[in-house]
Amino acid sequence: MGGRDTTLVLLDENGIRCDGRKVDEPRRIMIKAGGLKNADGSAYIEFGDNKILVGVFGPRDVHPKHMSNTDTGILRVRYHMVPFSVTERKNPAPSRREIEISKVIKEALEPAVMLDKFPRTAVDVFIEVLQADGGTRCAALSAASVALADAGIPMRDMVAACAAGKAADTIILDVNNEEDQAGQADMPIGYMPSLEKITLLQLDGVLTPAEYKKCVETGIHGCKIVYELQRKALTEKYFGNGEK
Amino acid sequence: MENKRKYVIPGDVITTGPYRPEQNVILDGNKIISTAIGISEIYDDSIKVIPLTGKYIPKIDDLVIGKVISHTSLSWELDINSCYVGFLPAQDVFGRDFSAHADELSSKLKSGDLVAARIANFDRTRDPLVTISDRDLGKIDSGHLVKISPSKVPRLIGKRGTMIQAIEMATGAAITIGQNGWVVVSCETPEGLLKAKNAIQMVDEKAHVANLTDQVKEMLESKGES
């Protein structure tokens, strides 16, 4: 943390960031629901230069059987980065980081998914990061939520996610890879927009209490932008643009 | 409020007020929230969402089409297109005096056979128990199996069976609809069979379109002329 890279200007005097965005502007986001025929539900997201594909199966039988729970269904999430998702080949074996993100996304989705309706079953979420550029966990979580809705799993609310952070002493929305490396703080937020509840909140870096508050507000603002795009993706697939 | 229909996704607040939540909705404070992608319907005092996607969840008394996967010496297991397997006990077919030594289960139903069955019992703790001892139930000997999304079965039946009647009348086919999204079509003429299958697939694809019954009728009639 703390501006190590001296040549990179994270924020210029006009308030424009290194990739030409304003401080409260997210990257270009595109979400598509469906697309995979063999999965029960699927989604594809492009979040700036992040490209992520999510497939959902279930509810289905649990294998191995001992993992099943007689009271409720279980949610299993695999977050995986393909070898060509980053500049240097990534070993396809699950790394410490991927195992952590799988767990974090699973726990961020659990408050939304109503698994108690399907005891003794499992819902499997497979996330493949095809191209990574900072903020993959947020993009993956947003896409996973769309894929779950596409699979028809009952949910209390959608989960939208977006990161906020601090770079060049300013609170910024949607931290990209450069800002993540050279910036001062990164805070991914998962949010249920209708229930107004936070399901994921991580913070890497140092913020004052005032900055922290502003950062959360900025992040939630970003989540609401993402939510509108999630809604658009699902509406397009199921209702063909015709809002009734 | 009258029967107001709205397209909803999970998390959408359908309305607020003293309504009874039915299928696919939850009550949060006084807000009524959808839990599925679908069409919300408000009746006098209740609200439900007709889902457009999702797997089949067994309900007691549902008619389902099942496929025999395997059997033990005491029971068959049926694939009922759900997250649970249907459990068909041998007594149901052989009667009370069934004996595991004397009766061979595969003599009645082999794996791969299709059966029309009814969900006799189902709760959270056990797999659904199905029965075939009733009128119109049992092994299906002829017909074509068409698979549609289980969430679209109500649409295929239509209001008071109008849709399915329209298809049967126009094609002369006999159609058995399982609530689990499996449909068996049998017809004397190959043209009728093809037309009925097309009509069923059309309902599956265009389930959200209004006035679908008219469109299906139109399709059936136009094909008949050409």
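In helix H4 of chain A, the buried residues (those with 20 or more other C-beta atoms within 10 Å of their own, C-beta atoms being placed from the backbone) are A:Cys215, A:Thr218, A:Gly219, A:Gly222, A:Cys223, A:Val226, A:Tyr227, A:Gln230, A:Ala233, A:Leu234 and A:Tyr238. The model is predicted, local features requiring pLDDT of at least 70 and side-chain atom pairs pLDDT 80 or more, while totals for chains, interfaces and linings use all residues. Residues are numbered from 1 along each chain as its sequence is written, and chains are lettered from A in the order in which they are written.

Helices (H or I, at least four residues) and strands (E, at least two) are DSSP runs numbered from the N terminus. The buried residues of H4(A) pack against helix H2 (136-150) and strands S1 (29-33), S6 (160-167), S7 (170-173) and S8 (185-192) of chain A. The 31 residues of H4(A), 209-239, should span 45 Å at 1.5 Å a residue, and the end C-alpha atoms, 44 Å apart, agree with this; the expected span is 1.5 Å times one less than the number of residues. After H4(A) comes A:Gly240, with a positive phi near 50 degrees.

Between the chains, 25 residues of chain B are in contact with 28 residues of chain A, contact denoting C-beta atoms, placed from the backbone, within 7 Å. Strands S1 (5-8) and S4 (25-28) of chain B each supply at least two residues of the side that touches chain A, and the largest share, three residues, comes from S1(B).

Elsewhere in chain B, strands S9 (75-79) and S10 pair in the antiparallel sense over five bridges, pairing requiring at least two DSSP bridges. B:Leu78 stands opposite B:Gly86 of S10(B). Five residues lie between the strands of this hairpin, in which B:Asn81 takes a positive phi near 55 degrees.

Technical notes:
Two residues are in contact if their C-beta atoms, placed from the backbone, lie within 7 Å. A residue is buried if 20 or more other C-beta atoms lie within 10 Å of its own, exposed if 12 or fewer, and partly exposed in between; C-beta atoms are placed from the backbone.
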